[in-house]
Structure formats: structure tokens, C-alpha cells
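Hi everyone, thanks for coming. I'd like to walk you through one structure today, starting with its open spaces and then moving inside. Here it is on the screen.

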Amino acid sequence: GKVFLPGNGPLDVSGKTLEWARQHILKMVAETFVGVHADLRILRLRSFRVYVTGYVKNPGGVQASSASRASEALAEAEIQDVGSRRNVIVRHRDGTAAPVDLGLFESLGRQDLNPTLVDGDVLEVPRAMEWLHVTGAVGGQGKYEFSPRDSLTTLIRLSGGLLPSAIA
């Protein structure tokens, strides 16, 4: 949160980027200590707790850092068999929310549906309620959880895409 150097007042670095802090601290060092060369690095990310609620085996607090993603906290909390993997919500302390869709993240690599976590986040895992059955010339016929954001294209991608034998 704050950096103290002898001969200078405190410098508030809370919420600042590493680059911002590096520039300002090195400037303070250069102005205060002639001929001294310094560097600034992060040795360890600050950890904090996020909370996982709903249909998980281990509800409650989970350790996270600014590099942690929702999928990691959900893996630690272990989603129950009846829990949704596609309609999870991350509620932030500021009142905003973000969707988490592990199905699209895992099958298509959609990082936007596996957001990074911030201090005070609460991940809500609802019960999986709606399902679709995909059959036909697709890579993986079967039962897939429905998300209100789904389109026909999304479902085809989730099921492994169209096979060459599919009629366009």
C-alpha cells in the first residue's frame, strides 16, 4: 500500500501498476540518494480471499491472487454434479457482475468467460436447470447444459463442430 524512503514522505502505491510504482519509486531514490542504482520487482503477488457459494462441495473462502481465474477457485470448491458449469456469476464488491462459462472456456478457450478475480469477489454457482441434446453429424453427440447466451453456432461448437458428412 505505501512505500517509505528516508528523507521522503510516504508514497501511496495501492492500486497502482508495477510500472507506475517503479517509475515513481526509482525517481524518489535518484533524487534522494545520489549515485545509487535501484530496481523494483514483485517477489510475490498479494493473496486475498474470494467466496464460492451455491452448488459446490466446499463452499466458503478460497485463496486467490490478481493472477487467479474463476476456473481455479471453482476447481478448489468442486462444483457438485447438479451445479451449473455454464451459468456461474462472479459478483464484484463494486456491484458489477461477470459471467463464467466453464464449458466455453474449456472447449473453445474463451478467456473472457473465465475472468480474473479481485479481492471481495463472490462466485455464485446455481443449479444446472436446462439441457439440450445434440444429435447428428457433430463431433460429440450428447447432453449439453444450456446458457441464455447460446446460439445454434455455440451449441455446434460445444458439441465438437460439424463433421464432413454434415449437409450444409
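The largest pocket holds about 710 Å³ of space. Keep in mind, please, that this is a predicted model. Which residues sit closest to the centre of that pocket? Of the 22 residues lining it, they are Val-13, Gly-15, Lys-16, Ile-42 and Arg-46. If you look at the elements around it, β1 (2-3) and α1 (18-32) each contribute at least two lining residues, and α1 has the largest share, with 3 residues. By class, the lining splits into 11 nonpolar, 5 polar and 6 charged residues.

Now turn to the second largest pocket, with about 150 Å³ of space. Its lining includes Ile-79, Gln-80, Asp-81, Trp-131 and Leu-158.

Let's go inside. In soluble globular proteins, nonpolar side chains tend to be buried together. Here, the largest nonpolar core has 18 residues, and those with the most contacts inside it are Val-50, Val-52, Leu-74, Val-100, Leu-117, Leu-123 and Val-125. Five names to find on your screens: β3 (47-54), β4 (60-65), α2 (70-77), β5 (88-91) and β7 are the elements that give two or more residues to this core. The largest share comes from α2, with 4 residues.

Leaving out residues up to four places away in sequence, Val-50 touches Gly-60, Gly-61, Val-62, Ala-64, Ala-73, Leu-117, Val-118, Asp-121 and Leu-123.

My last stop is Asp-119, in the loop between α3 (102-108) and β7 (122-125). Is Asp-119 buried, exposed or partly exposed? Its relative accessible area is 32%, so Asp-119 counts as partly exposed, since that class runs between the 20% and 50% limits. With residues up to four places away in sequence set aside, Asp-119 touches Arg-46, Phe-48, Arg-49 and Arg-93. Arg-46 brings us back to where we began, as one of the residues closest to the centre of the largest pocket. Asp-119 and Arg-46 are 73 residues apart in sequence, and their C-alpha atoms are 9.9 Å apart in space.

Technical notes
Residues numbered from 1 in each chain as written. Predicted model: local features only at pLDDT ≥ 70, side-chain atom pairs only at ≥ 80, totals over all residues. Heavy atoms only, no water. Buried < 20%, exposed > 50% of the residue type's maximum accessible area, 1.4 Å probe, protein only. Contact = heavy atoms within 4.5 Å. Core = buried A, V, L, I, M, F, W, Y, C linked by side-chain atoms within 4.5 Å. 1 Å grid on protein atoms, 1.4 Å probe; cavity = no way out; pocket = protein on both sides within 12 Å on 5 of 7 lines; lining within 4 Å. Points joined across faces, edges and corners; volume = space filled by probe spheres on them. Nonpolar A, V, L, I, M, F, W, Y, C, P; charged D, E, K, R; others polar.
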